[in-house]
Amino acid sequence: MNVNLGYQHPKVLAAMKAQLESLVTIAPATANLARGEAAKRIIDLAPEGFSKVFFTNAGADANENAIRMARLYTGPR
């Protein structure tokens, strides 16, 4: 991933090092503290009645899973 924050900016390097020391990468289905905190923040901002967050890798995964969830909700057609 490229970021437009300057070449080897000290704050960016410090953040990258901190992340490498805690968690380099993780699969979408695996729980971790960062994902849990992100989900909590999303739910705190969501309208009343929302209580779950579903993380995916990319737009295609999001679209496929949205279709699956819609079919589960509306039933087969």
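I started with alanine 70, which I found in helix 3 (residues 59-74); helices here are DSSP runs of H or I with at least four residues, strands are runs of E with at least two, and both are numbered from the N terminus. I then looked up the separation of alanine 70 and alanine 27, which are 43 residues apart along the chain, and their C-alpha atoms are separated by 24 Å.

Before going on, I noted that this is a predicted model, in which local features need pLDDT of at least 70 and side-chain atom pairs count only at pLDDT 80 or more, while totals for chains, interfaces and linings use all residues. Residues are numbered from 1 along each chain as its sequence is written, and side-chain values use heavy atoms, with hydrogens and water left out.

**Confidence and overall form**

I looked up pLDDT, the predictor's confidence in each residue from 0 to 100, and the protein chain averages 85, with 95% of the residues scoring at least 70. Confidence is lowest in helix 1 (residues 10-22), at a mean of 87, and highest in helix 2, at 92.

The protein chain holds three helices and zero strands, in the pattern α-α-α when read along the sequence. I compared its radius of gyration, 17 Å, with the value near 11 Å that a compact globule of 77 residues would have; the radius is taken over C-alpha atoms, and the globule rule is 2.2 Å times the number of residues to the power 0.38. Along the principal axes, the C-alpha atoms fill a box of roughly 55 × 25 × 20 Å, and 6% of the 77 residues count as buried.

**The start of helix 2**

Asparagine 32 caps the N-terminal end of helix 2, where one of its side-chain oxygens lies 3.0 Å from the backbone nitrogen of alanine 34. The side chain of asparagine 32 also reaches the backbone nitrogen of arginine 35, at 2.7 Å.

I checked the length of helix 2 as well: at 1.5 Å a residue its 13 residues should span 18 Å, and its end C-alpha atoms are 19 Å apart, which agrees; the expected span is 1.5 Å times one less than the number of residues.

I searched the whole structure for salt bridges and recorded two, a salt bridge being a side-chain nitrogen of Lys or Arg within 4 Å of a carboxyl oxygen of Asp or Glu. In one of them the side chains of arginine 41 and glutamate 37 meet at 2.9 Å, N to O, and both residues lie in helix 2 (residues 33-45), four residues apart, about one turn of the helix. Arginine 41 counts as exposed at 54% relative accessibility, whereas glutamate 37 counts as partly exposed at 37%.

Lysine 40 forms a salt bridge with aspartate 44, with the closest N and O atoms 3.0 Å apart, and this pair also lies in helix 2, four residues apart. Lysine 40 is partly exposed at 48% relative accessibility, and aspartate 44 is exposed at 53%.

Definitions and conventions
Buried means under 20% relative accessible area, exposed over 50%, partly exposed in between (1.4 Å probe, protein chains only). A polar contact is a pair of N or O atoms within 3.5 Å; within protein, one must be able to donate a hydrogen and the other to accept it, and residues adjacent in sequence count only if both atoms are side-chain atoms.
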